[in-house]
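This report concerns side-chain contacts, taking charged groups and then aromatic rings.

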Amino acid sequence: QVQLVESGGGSVQAGDSLRLSCAASGGPFNSYAMGWFRPAPGKEREFVAVVSQSGRSTYYADSGKGRFTISRDNAKNTVYLQMNSLKPEDTAVYSCAADLAYGLAWWSSRMSAMNYWGKGALVTVSS
């Protein structure tokens, strides 16, 4: 059973940066692709970004391309989401997820099937 705990959320101004962390425990971290989701209007969650098990491959939703960077440190069992040039519409609870499968199609459409979820970290961006 993998436990995921997010940290690094907070309140910032538009244009600022923030880095979220998600620490994993209880399982073989490098067996799982890791990613981030956030709520969206009309949806339970929307895909934000995913990183492969090795960390060498990533995918991003259009909303974060060029502003967000996902990375992982397998030695620390931690995945990060660096968010730059934040906008008020980025305000959300960001949840970390782990799944044995990797790929944009899977992560952008099968979020309900993710193996494990964290409880989320709140990011508030004010204008």
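Does Arg-38 count as buried or exposed, and at what relative accessibility? Arg-38 counts as buried, because its relative accessibility is 5% and the cut-off for burial is under 20%. The model under discussion is a predicted one.

## Salt bridges

Five salt bridges are present in the structure. In one of them, the side chain of Arg-38 meets that of Asp-90, with an N to O distance of 3.0 Å. Arg-38 belongs to strand 4 (residues 33–40), whereas Asp-90 is in the loop between strand 8 (78–83) and strand 9 (92–99), so this pair ties together parts 52 residues apart in sequence. Asp-90 counts as buried, at 1% relative accessibility.

Asp-90 also forms a salt bridge with Arg-67, where the closest N and O atoms are 2.7 Å apart. Arg-67 is located in the loop between strand 6 (58–60) and strand 7 (68–73), and Asp-90 in the loop between strand 8 and strand 9, so the two tie together parts that are 23 residues apart in sequence. Both Arg-67 and Asp-90 are buried. Through shared partners, salt bridges join Arg-38, Glu-46, Arg-67 and Asp-90 into one network. Another salt bridge is formed by the side chains of Lys-65 and Asp-62, at 3.2 Å from N to O; Asp-62 is exposed, with a relative accessible area of 65%.

## Aromatic pairs

The structure holds five aromatic pairs. One of these is the stacked pair of Phe-37 and Trp-107, with 5.8 Å centre to centre and 15° between the planes. Phe-37 lies in strand 4 and Trp-107 in helix 1 (residues 104–109), so the pair ties together parts 70 residues apart in sequence. Phe-37 is buried, its relative accessible area being 0%, and Trp-107 likewise counts as buried at 0% relative accessibility.

Tyr-59 and Tyr-102 form a pair that is stacked, because the planes of their rings are at 25° and the cut-off for stacking is under 30 degrees; the ring centres are 5.5 Å apart. This pair links distant parts of the chain, with Tyr-59 in strand 6 and Tyr-102 in the loop between strand 9 and helix 1, 43 residues apart. Tyr-59 is partly exposed, with a relative accessible area of 32%, and Tyr-102 counts as partly exposed at 25%.

## Ring cluster and charges over rings

Ring pairs link Phe-37, Phe-47, Trp-107 and Trp-117 into a cluster. Over the ring of Trp-117 sits the charged end of Arg-45, 3.8 Å from the ring centre. Arg-72 lies over the face of Phe-29, at 4.4 Å from the centre of that ring.

Methods
Residues numbered from 1 in each chain as written. Predicted model: local features only at pLDDT ≥ 70, side-chain atom pairs only at ≥ 80, totals over all residues. Heavy atoms only, no water. Salt bridge = Lys/Arg side-chain N within 4 Å of Asp/Glu carboxyl O. Helix = DSSP H or I, 4+ residues; strand = E, 2+ residues; numbered from the N terminus. Buried < 20%, exposed > 50% of the residue type's maximum accessible area, 1.4 Å probe, protein only. Phe/Tyr/Trp six-rings, centres within 6.5 Å; stacked < 30°, edge-to-face > 60°. Lys NZ or Arg CZ within 6 Å of the ring centre and 35° of its normal.
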